[in-house]
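Here are my notes after going through the model you sent over.

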Amino acid sequence: MTDKINELLRRVEAFRPKAAAEVEEFRIRILGKKGELNALMEEFKTVAPELKRELGQQLNRLKNTALERINTLREELQDAAADQASEAGDLTRPGSAAPIGSRHPISLMKNRIVEVFSRLGYTVADGPEIEDDWHVFSALNFPPEHPARDMQDTFFIEKNPDILLRTHTSSIQVRMMERQKPPIRVICPGRVFRNEAISYRAHCIFHQIEGLYIDEGVSFADLKQSLLYFAKEIFGEQTAIRMRPSYFPFTEPSAEVDVSCNLCGGKGCAVCKGTGWLEIMGCGMVDPNVLSANGIDPQKYSGFAFGMGIERVAMLKYGVNDLRLYFENDIRFLHQFDTAF
Ligand code: PHE
């Protein structure tokens with residue numbers, strides 16, 4: 001019997017569990033009611049009385065060793081599990097979702113306008129935001145005394161020679177005419193800068209899209225039809241346009257384009273100030289002076305140009321009543337446009 005006791009003692013000492021569940025299993029097998037220790041206790045009842053003292057002590061030692069060993073192993077494994085959990089965080093916690101942003105309504109509207117004109121064969125052109133006098137004013141037939149050349153209207157970086165922030169994307173027109181011989185058919189989106197006080201209807205930074213089409217035999221009728229197509233695509237099939245005579249140094253004749261108010265259907269409301277019409281852009285036939293200034297023969301070629309503020313088009317389409325909202329980047333405002341385009 002001593003052999004059996006020693007053998008069990010060796011196994012208790014050699015026991016190296018990996019998990020708490022193994023310890024419990026081991027405890028039941030050794031110390032449980034039908035466990036190995038109790039089996040030895042039963043056997044102990046049958047041994048000769050002179051052996052009882054010695055064997056009884058051995059059995060007690062075995063029992064205590066087993067209990068101690070099991071308790072220590074339990075504690076060790078619990079500590080290890082706690083350490084692991086605190087290192088990796090609580091792995092059972094649900095993950096935290098990373099919220100995604102959304103595209104800015106100005107980008108969405110710009111992409112939409114570009115898409116409409118690309119269907120008419122326009123490609124996209126770009127140009128610098130910091131420009132010189134030639135590309136923003138002189139090449140576009142601005143007379144020397146024009147008020148746009150004044151510090152009140154334009155942000156100058158340097159004077160003589162004038163370096164300034166472009167006040168309109170028409171400067172990209174000039175760069176296109178320099179770079180390419182007709183036919184030219186481009187759409188030029190970009191940021192523009194004007195020295196204006198910020199209010200609900202004006203900002204010193206905003207976005208424009210300018211269009212330019214130069215070829216042989218381009219007419220005012222082509223301009224009107226292109227803009228009607230654009231208006232219907234952006235504001236809906238029922239939309240009408242009208243043109244009012246206007247003035248720009250770089251176009252002759254020039255016009256302001258209105259679209260029928262899509263909020264009241266042309267009946268007159270607060271947004272269209274009772275007129276039924278909303279002003280969305282300026283346009284006209286490229287002035288022959290501008291063509292010659294840029295090395296294009298006005299006898300052979302003609303063209304039209306138009307330009308609009310992207311903020312304004314998006315305001316009119318979606319009833320945004322304060323221009324400043326576009327620049328605040330409040331996600332509650334921006335998210336409203338996710339599915340709007
Ligand atoms: N550049 C003009 C503006 O900023 C818009 C325009 C573009 C008008 C092209 C006519 C032709 O107001």
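**Notes on the model**

1. Starting with the ligand: one of its oxygen atoms sits 2.9 Å from an N or O atom in the side chain of Gln 208. Keep in mind that this is a predicted model. With the ligand in place, the protein covers 90% of the 320 Å² of accessible area that the ligand has on its own.

2. A polar side-chain atom of Arg 194 lies 2.9 Å from a ligand oxygen, and a nitrogen of the ligand is 3.1 Å from an N or O atom in the side chain of His 168. His 168, Arg 194 and Gln 208 are among the closest of the 13 residues surrounding the ligand, along with Ser 170 and Glu 210.

3. What is the shell around the ligand made of? By type, it splits into 5 nonpolar, 6 polar and 2 charged residues. Strands S6 (205-215), S9 (277-286) and S10 (302-309) each put in at least two residues, and S10 has the largest share, with 3.

4. Is His 168 buried or exposed? His 168 has a relative accessible area of 7%, so it counts as buried, the limit being under 20%. You'll find it in the loop between strand S4 (163-165) and helix H7 (170-179). Leaving out residues up to four places away in sequence, His 168 touches Val 136, Leu 140, Phe 142, Val 192, Arg 194, Gln 208 and Phe 250. Two of these, Arg 194 and Gln 208, came up above as residues closest to the ligand.

5. Next, helix H7, which is mostly covered, with 7 of its 10 residues buried. The buried ones are Ser 170, Ser 171, Ile 172, Gln 173, Val 174, Met 176 and Met 177.

6. Helix H10 (residues 310-318) is another one to check. Its buried residues are Ile 310, Glu 311, Val 313, Ala 314, Met 315 and Leu 316. These pack against helices H5 (105-118), H8 (220-235) and H11 (325-328), and against strands S6, S9 and S10. Just after H10 comes Gly 319, with a positive phi of about 65°.

7. Now zoom out. The domain assignment gives domain 1 as 2-88 and domain 2 as 105-337, and their C-alpha centres lie 88 Å apart. For a residue-level view, take Ile 30 and Gly 303: they are 273 residues apart in sequence and 99 Å apart in space, C-alpha to C-alpha.

8. Ile 30 itself lies in helix H2 (residues 20-31). Its relative accessible area is 1%, so Ile 30 is buried. Beyond residues up to four places away in sequence, Ile 30 touches Leu 8, Arg 11, Gly 35, Glu 36, Leu 37, Asn 38 and Ala 66.

9. A cis peptide bond joins Asn 160 and Pro 161, with omega about -5°. Asn 160 also has a positive phi, near 50°. Both Asn 160 and Pro 161 are in the loop between strands S3 (156-158) and S4. Asn 160 is exposed, because its relative accessible area is 73%.

10. The peptide bond from Glu 252 to Pro 253 is cis as well, with omega near -5°, and Pro 253 is in strand S8. In that strand (residues 251-260) you also have Ser 254, which counts as buried because its relative accessibility is 7%. The Ser 254 side chain makes a polar contact with the side chain of Thr 251, at 2.6 Å.

11. Last one: Asn 141 has a positive phi, near 70°. Asn 141 lies in the loop between H6 and S3. At 27% relative accessibility, Asn 141 counts as partly exposed.

Methods: Residues are numbered from 1 along each chain as its sequence is written. This is a predicted model: local features need pLDDT of at least 70, side-chain atom pairs count only at pLDDT 80 or more; totals for chains, interfaces and linings use all residues. Side-chain values use heavy atoms; hydrogens and water are left out. Domain bounds come from an automatic or database domain assignment. A residue is near a molecule or strand if one of its heavy atoms lies within 4 Å of it. A polar contact is a pair of N or O atoms within 3.5 Å; within protein, one must be able to donate a hydrogen and the other to accept it, and residues adjacent in sequence count only if both atoms are side-chain atoms. Accessible areas come from the Shrake-Rupley method with a 1.4 Å probe; for residues, only the protein chains shown count as cover. Helices (H or I, at least four residues) and strands (E, at least two) are DSSP runs, numbered from the N terminus. Ala, Val, Leu, Ile, Met, Phe, Trp, Tyr, Cys and Pro count as nonpolar, Asp, Glu, Lys and Arg as charged, and the others, Gly among them, as polar. Buried means under 20% relative accessible area, exposed over 50%, partly exposed in between (1.4 Å probe, protein chains only). Contact means heavy atoms within 4.5 Å.
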